[in-house]
Amino acid sequence: MDADTNTSSDSNYDVLVSGAGPVGLLLAAELTLGGARVLVVERLADVDETIKAGGLNSTTTVALYRRGLLPELSGIHEEAMGRFKEFMRTHGGGGSKAAPVPPPKFAGHFSGIMLRADLLDESDPAFAGLGPVDRVGLVPQAPLERLLGRHAEALGVEVRRQVELTGFDADEEGVTVRLAPADGTAPYTVRAGWLVGCDGGRSLVRKLSGIGFPGTAPEITGYQAIADMTGTEPLRGGWNTTDVGTYAFGPLPGRILTVEFDGPPADRQTPVTAEELQASVRRVTGVDVTVGTVHSSTRFTDNCRQADTYRAGRVLLAGDAAHVHSPFGGQGLNLGVGDAMNLGWKLALVVRGRAPVELLDTYTAERHPIGAWVLDWTRAQIAVMRPEPHSRALREVVTDLAGTVDGTTYLVKRISGVWQHYDLPGDHPLTGRSAPDLELADGTRLADHLHHGRALLLDLADDPKLRSRAEGYEGVVDVLTASCPGRPELAALLVRPDGFTAWAADTGEEGEGSGDSGDGPSDALRLWFGAPVGA
C-alpha cells in the first residue's frame, strides 16, 4: 500500500464496482436486488454526454422491461423518435433523392446496409414472446445512463463520483481497493469482498488483474459527432458508401459519422476539432460541408479484443472491460447489459453464501461465447465495408440478400439478440433461452413477476408437489401458481433472475414428453441456487 494512502473508515462492502456507466449501474442494481452491499466509484462528475450508442436491441429492452423500466424507456424512445422524424422531414435522403420516412420500428443495419422493417418476417418463432417491447429501440446512451442511475439510487446503491480507482490488492478473502478523490483530498482504501471492472475498454482493473486481452488490430479511423454544419443538402440520410469510405447522416439532427480505412488515429484522447471533423466529412462524402460548433464528438476504431476469462479470483470484468470492437450494429452496450444481468444475481448469491463460488464459473462459460460472436459479427462488417474491389463485390451480394425477407429476418434476428441462448442442462425447447413473456389469466405478464430480481418457479398446472420443491429457497425463488390460456401445453417454468429458463416442462407427467428428464426442478434449483436451507 502506498505510504500516503489512508485506510477508509467505511465498513466493508460485498462488491466494489469500478465504473458508473450503464453496465456498472445496472450491475450494481442487480447486485443490490440480490441482497449485496455495493459501492460504485466513477472518476467522472456526471453522466458522459459524448455521443455513443443510440439503440437497444430486443434482449436489452426485455431485460429492462423485466425490472419495470419499460415506461421510462418508452419515453426516451419517443423523444428520440420525434427528433428523428424532424430530421427526416428536413433532410430526407438528400436533395431530390430523399427517401420516405421509414416506419418507427427499429430494424437496424449491417455494415451500413439499411434493413427495411417491412421485409421483416415478424411471424418467425424467434420473435415470439418478447412482450410489449417491440416499439422501443432508439434510446441514446446518455439518457439511458441517467435512467439507470435513478434506478440504482432508488434501490439504495451508493455511487461515489469523481473518485478514481488507482490500484488494488486481491487475496483469497477479498480485495483492498485504492481510491483517489478528484478534489485533492487524501487517497484512501476500501475493502470489498469482490471487485468488478466496468471501467471501459482501457480498463485498469483488467490490466492490473493480469487477464489477457487478445484480438485483432484496428484498420479504420471513425468519427461520430453532433455538430452545427452547413452545406449538408447533398448528403443522403442514413448510411452511405463512397469510393473513400462510409458515412452516416442522422438520424438525429446534426449527427454525422465517417469511416476511413487509413489505419487507427494517432491520438484518441485529444478533443476532435471542427477542422479535423470537417476534413474527414469532405474526404468521405465528397461534399464541401462546413463544420461549425462541435457539440459532442468521439473517435473510434475497429480494435477487436476479448478478455481470456471474465474472472480472476476475486476480480471480475463486465462490459467494455471484457470486450471491445467496432460500434457497427450497436452491439457493445447491449452486450454489456447482458453481462450485468448474467453476473449480478450469481455474484449476489455467492456473496450471501446461498451458492458456491463455482457458480461464478458459469458467468464466463455463458457470456464469453456470445462476446466472441459479437466480435466476429463486427469483423464481418468491416470486411464488407472496405473500399476495395473484393469487399465491394461482396457488399453487392450482401445487399441483395438483405433486400429479401429471409435475409432481413436473419440479420435482424442476429442484431436483436433473440438468437442468444445458453447451453443449460435439459432438453425442453425453452431451456437455456429467454423465457417468453407469458400472458397469464389474471391479466399480468411474466415480466410483472420479475421486477424484484428473484428467480420464479411458475406453476401452470396447480401442482403442489412441484411447489414443494421450492421449500428452503425463500427470498431467492418466488413461487407463482397461475394459468396461461395462450400456452396450454406448458406445465411449469423455472426462470432465473436474468430471465433465462433454467427448467421447463409440458403438461403430462413430470419428465415425460418434451419436458426435461429426471427430477428436473430440484436439480435445476440446486444447480443455480445451491442447496435449500435446512437440507
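**Exercise 1.** In what order do the five strands of the open sheet lie?

*Solution.* A quick note before we start: this is a predicted model, where local features need pLDDT of at least 70, side-chain atom pairs count only at pLDDT 80 or more, and totals for chains, interfaces and linings use all residues. Residues are numbered from 1 along each chain as its sequence is written, and side-chain values use heavy atoms, with hydrogens and water left out.

Step 1: read off the order, which is 12-13-14-11-15, with antiparallel pairing. Strands here are DSSP runs of E with at least two residues, and helices are runs of H or I with at least four, numbered from the N terminus. Two strands pair if DSSP finds at least two bridges between them.

Step 2: find the edges. Strand 12 (238-241) and strand 15 (290-300) each pair on one side only.

Step 3: zoom in on one pair. Strand 11 (residues 221-230) meets strand 15 in the antiparallel sense over eight bridges, and Gln224 stands opposite Thr298 in strand 15.

**Exercise 2.** Work out which helix gives the most residues to the lining of the second largest pocket.

Step 1: Helix 7 gives the most, with seven residues.

Step 2: check the make-up of the lining. Its residues divide into 22 nonpolar, 14 polar and nine charged. Nonpolar covers Ala, Val, Leu, Ile, Met, Phe, Trp, Tyr, Cys and Pro; charged covers Asp, Glu, Lys and Arg; the others, Gly among them, are polar.
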